[in-house]
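Please prepare a briefing on the structure below. Keep it short and grouped by topic.

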Amino acid sequence: MIVKDHSLIRTADPDDAGALYPLYDGRIPRAFMLDRKREPVVPTRDELRELLAQKDPANGFFYAIEDTQGVLRGLAMLRGFNPEALCSETVIAMMEDADYSQPFAREALDFLLKQAFGRLWARKVMVHLLDTETACRAFMLDSGFVLEGSQREVLYSGGCWHNLDCLGLFRESAGYGPYPGPGAMET
Amino acid sequence: MKTDIFIRRAERDDLDTVVAWMERPDFQHFLYGDAARSPRRIREQIVGMLGRSTGQTVPAGIYLVLDSKQYGAVGLVSLQSISWRNHACTLDLYIGNEKIRRTSAAATAAYKALEYCFDEMNLHRVMAFIYAFNRPSWRLFEMTGAVREVTLKEQVARDGKLHDIYCYGLLRDEFKTFQQRMLPRLGLHTHCVVQGKG
């Protein structure tokens with residue numbers, strides 16, 4: 001459990017499934033719900049509970065973001081670590097768009113970056129966002145992420161096509177210094 | 001450009017040919033995954049790719065062999081992550097026969113693969129991830145009207161260096177424009193059919 005000035009960040013538990021379920025509302029497509037085929041996966045509450053119960057790091061790390069009042073405000077994820085590119089995907093999914101401008105969102109992202117760059121020794125983290133996720137996109141760009149491009153018309157939802165943006169942040173740009181290279185951790 | 005290259009479903013008889021391609025260093029350079037895979041592992045992987053359960057009506061991937069009376073089997077087309085909801089797939093095109101890799105036959109092979117995607121599978125979008133150092137490949141894809149949509153910076157390691165990966169997207173309208181413009185010049189048939197091995 002990490003206590004920050006404006007938030008409390010902890011691993012998401014199966015019991016959080018009910019509170020986090022609105023994030024998986026299929027009516028509003030979000031990039032983190034897309035599978036390899038770019039099709040949205042909308043779990044049931046039970047499936048979400050099972051997902052949060054998994055302890056295998058290969059499935060990713062799930063963290064709940066609480067505000068100082070103990071209210072669950074969102075979900076932070078680190079997943080899909082690519083050992084060849086030393087790259088990981090980050091997800092910050094807040095309950096409300098307005099939450100991205102709150103300090104707890106920034107604290108949650110700082111925590112994820114610290115996990116990725118400081119503990120996993122990632123070189124780069126990436127974020128995928130649909131064109132519907134404008135608040136999150138602005139938040140990520142403001143946090144130093146750089147747009148690497150946009151895949152056009154990858155998802156058909158709500159009667160129209162959606163583009164998928166790809167944003168990246170290197171450890172140097174996030175202030176973590178250059179990657180030490182192979183062998184640097186050896187004693 | 002006249003060529004007799006055609007596409008057909010990959011079969012078990014193609015196994016030795018595909019394994020032989022995948023064991024060659026010049027071919028592995030462009031492949032994703034562990035270059036140290038044993039021939040047995042490669043063989044098992046390909047058998048898994050070629051196998052198809054009769055009960056599985058929607059395959060996870062489609063594998064087609066690029067064949068030619070002149071050269072024999074020259075390459076492999078892999079259509080992955082097929083989404084019938086989004087009418088999209090990811091295309092991998094492997095030219096195993098190095099004699100034709102930089103010839104117009106390779107362009108024809110790419111055209112045949114795309115024609116199959118749009119005119120037979122009725123897809124809306126075809127995507128391809130191509131390493132930045134594989135210039136002939138992405139140049140070929142650009143010729144068809146595909147757009148470089150994303151540049152994944154420093155995403156793949158080769159020979160001690162990190163290289164970019166380009167993500168190309170080709171939409172149906174763009175391919176149709178290319179098709180209308182190029183068909184008369186290419187002298188290709190307008191209809192693509194996956195042929196049996198015969």
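This is a predicted model: local features need pLDDT of at least 70, side-chain atom pairs count only at pLDDT 80 or more; totals for chains, interfaces and linings use all residues.

Residues are numbered from 1 along each chain as its sequence is written, chains are lettered from A and ligands numbered from 1 in the order in which they are written, and side-chain values use heavy atoms, with hydrogens and water left out.

**Interface of chains A and B**

- Contact (heavy atoms within 4.5 Å) links 28 residues of chain B with 25 residues of chain A.
- The two chains bury about 2200 Å² between them, 45% of it on carbon and sulfur atoms. Buried area is the accessible area (1.4 Å probe) that two parts lose on being put together, summed over both.
- In chain B, Arg85(B), Asn86(B) and Gln155(B) lose the most area to chain A, together 27% of what that side buries.
- Four salt bridges are counted between chain B and chain A. A salt bridge is a side-chain nitrogen of Lys or Arg within 4 Å of a carboxyl oxygen of Asp or Glu.
- One salt bridge joins Arg152(A) to Glu174(B), with the closest N and O atoms 2.5 Å apart.
- β6(B) gives the most to the side of chain B that touches chain A, with 11 residues. Strands are DSSP runs (E, at least two residues), numbered from the N terminus.

**Asp164(B)**

- Asp164(B) lies in strand β7 of chain B.
- Asp164(B) counts as buried because its relative accessibility is 16%. Buried means under 20% relative accessible area, exposed over 50%, partly exposed in between (1.4 Å probe, protein chains only).
- Its side chain makes a polar contact with the side chain of Lys153(B) at 3.4 Å. A polar contact is a pair of N or O atoms within 3.5 Å; within protein, one must be able to donate a hydrogen and the other to accept it, and residues adjacent in sequence count only if both atoms are side-chain atoms.
- The backbone nitrogen of Glu154(B) lies 2.8 Å from a polar atom of the Asp164(B) side chain.

**Strand β3 of chain A**

- Six of the seven residues of β3(A) (residues 61–67) are buried, so the strand is largely enclosed by the rest of the structure.
- β3(A) pairs with β2(A) (residues 7–11) in the antiparallel sense over five bridges. Pairing requires at least two DSSP bridges between two strands.
- β3(A) also runs antiparallel to β4(A) (residues 72–82), joined by six bridges.
- Ile65(A) is the bridge partner of Ile9(A), and Gly74(A) in β4(A) is the bridge partner of Ile65(A).

Technical notes
Helices (H or I, at least four residues) and strands (E, at least two) are DSSP runs, numbered from the N terminus.
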